[in-house]
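Colleague: Can you walk me through this one? I'd like to start with a single side chain and its neighbours.

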Amino acid sequence: MNETLRRELGAHLRAAREVVDPADVGLAGGGRRRTPGLRREEVATLAGVSVAWYTWLEQGRASTTRQVLDAICRVLGMDAAAHRHTLALAGFLPASPATAAGPAVLGEPIRTLLDSWTSTPAAAVDVRFDVLAGNAAYRRFWGDPDSVPIERRNLLIMLATPGGHRLTDAEPLLRGLYEQFRANTGHIPDDPRAAAVVDLLKLERPDAGHWWSCRAVREFAPVTVGGFTFCLLRPVGEEGVVIFAQLPA
């Protein structure tokens with residue numbers, strides 16, 4: 001198992017452990033707690049493993065089996081996205097070719113589909129949320145992506161940049177997309193583009209440093225902000241391409 005991923009797995013488990021309410025696993029009244037969430041020994045006991053071994057796992061010093069990780073994920077109450085991310089970090093789920101590869105290649109059918117939506121702002125993006133193409137309605141609302149330097153041609157960076165969008169409150173959308181970004185890329189070691197995106201996010205929004213270091217992952221759910229509902233659509237047959245659509249709320 002890759003050492004970088006082993007450390008990331010440990011940090012991911014620790015972050016998940018710290019947000020579990022002890023009462024949710026039947027541990028109400030467990031005495032005064034100096035740290036939030038569950039204690040390591042509590043997770044170990046509920047998952048049926050030794051405390052020492054679980055400690056090593058969080059410290060990135062141990063590997064494990066899928067069955068044990070499944071048990072730990074159940075104890076920590078992880079949803080499907082966080083569970084898959086855990087398994088991917090441990091090497092039990094391979095990275096999709098689209099995530100492991102470079103920029104996606106956009107096919108003509110998707111360009112035609114986007115252009116047919118004359119009143120719905122929509123853009124094709126890759127798994128890192130780099131913008132591949134936008135229709136006329138998208139360009140009217142967000143500006144022409146081709147006019148943006150290629151290293152900044154990214155939904156997350158535009159949403160984090162002051163003046164980079166016309167929404168009155170982009171925070172819920174930015175947070176939701178970032179959690180999906182982590183689900184897409186967080187298990188790929190040494191991904192230069194993903195690292196560059198995070199570096200730019202830290203530069204633009206140093207006040208949100210806790211976001212960029214957060215290990216939370218989640219499948220993006222439609223978000224309503226500024227009078228619009230934003231959603232992600234996954235076209236069939238276009239590996240690594242997602243449509244970012246903006247609909248009237």
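Modeller: Glu 58 touches Gly 10, Ala 11, Leu 13, Arg 14, Arg 17 and Arg 40, leaving out residues up to four places away in sequence. Contact here means heavy atoms within 4.5 Å. This is a predicted model, where local features need pLDDT of at least 70, side-chain atom pairs count only at pLDDT 80 or more, and totals for chains, interfaces and linings use all residues. Residues are numbered from 1 along each chain as its sequence is written, and side-chain values use heavy atoms, without hydrogens or water.

Colleague: Is Glu 58 buried or exposed?

Modeller: Glu 58 is buried, at a relative accessible area of 2%. Buried means under 20%, exposed over 50%, and partly exposed in between (1.4 Å probe, protein chains only).

Colleague: What angle do H2 and H4 pack at?

Modeller: About 120°, with the axes of H2 (residues 40–47) and H4 (residues 66–75) 9 Å apart. Axes are lines fitted to C-alpha atoms, for helices over the stretch in contact, and angles run from 0 to 180 degrees between N-to-C directions.

Colleague: Which residues make that contact?

Modeller: Val 43, Leu 46 and Ala 47 of H2, with Ala 71, Ile 72 and Val 75 of H4.

Terms used: Helix = DSSP H or I, 4+ residues; strand = E, 2+ residues; numbered from the N terminus.
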